[in-house]
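Subject: Handover of a structure

Dear colleague,

Please find below the structure that I am passing on to you. A short account of the findings follows it.

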Amino acid sequence: MPAYVIFDVEIRDGERYQSFMSRVKPALEAAGGRYLARGGAHKVHEGDWNPRRIVILEFPSVAAFESFYDGPVYQGLKHIRDECSSARLVSVEGL
């Protein structure tokens, strides 16, 4: 069953964030993940949520996402993301 991961990201240092992205993308793809949306225009239709930059990922399963997220590559790079951005993150099991 697929899993979808939604990030709401505020980028404070675009150059450093791009460095993080170029290093994390191969690991994400190796784990079966793929980008469905990344920073495109968005519009809030209901509620008071004010997302900054939305990234939506698809993984083959929640286990595949958690293996990637908790794995040594992502955890080894996460400090870079934390230094140049802040994020909210949720995962949801698909149909």
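Helix α1 (residues 14-30) packs against helix α3 (residues 72-84) at an angle of about 160°, and their axes are 9 Å apart. Here axes are lines fitted to C-alpha atoms, for helices over the stretch in contact, and angles run from 0 to 180 degrees between N-to-C directions. Helices (H or I, at least four residues) and strands (E, at least two) are DSSP runs, numbered from the N terminus. The angle makes α1 roughly antiparallel to α3; angles under 35 degrees count as roughly parallel, over 145 as roughly antiparallel, 65 to 115 as roughly perpendicular and the rest as oblique.

This is a predicted model, in which local features need pLDDT of at least 70 and side-chain atom pairs count only at pLDDT 80 or more, while totals for chains, interfaces and linings use all residues. Residues are numbered from 1 along each chain as its sequence is written, and side-chain values use heavy atoms, with hydrogens and water left out.

To the contact between α1 and α3, α1 contributes Arg16, Tyr17, Phe20, Arg23, Val24 and Ala27, and α3 contributes Val73, Tyr74, Leu77, Ile80, Arg81, Glu83 and Cys84. Contact means heavy atoms within 4.5 Å.

Phe68, Tyr69 and Asp70 of α2 meet Pro72, Tyr74, Gln75 and Lys78 of α3.

Two individual residues may also be of interest. Serine 85 belongs to strand β4 (residues 85-93). With a relative accessibility of 3%, serine 85 counts as buried, where buried means under 20% relative accessible area, exposed over 50% and partly exposed in between (1.4 Å probe, protein chains only). Its side chain reaches the backbone oxygen of arginine 81 at 2.7 Å. Apart from neighbours within four places in sequence, serine 85 is in contact with Val9, Glu10, Ile11, Arg12 and Tyr17.

Proline 2 is found in the segment before β1 (3-11). Its relative accessibility of 21% places proline 2 among the partly exposed residues. Neighbours within four places in sequence aside, proline 2 is in contact with Glu58, Phe59, Pro60, Ser61, Val92, Glu93, Gly94 and Leu95. Between proline 2 and glycine 71 there are 19 Å in space, C-alpha to C-alpha, and the two are 69 residues apart in sequence.

Yours sincerely

Terms used
Polar contact = N/O pair within 3.5 Å; in protein donor to acceptor, adjacent residues only side chain to side chain.
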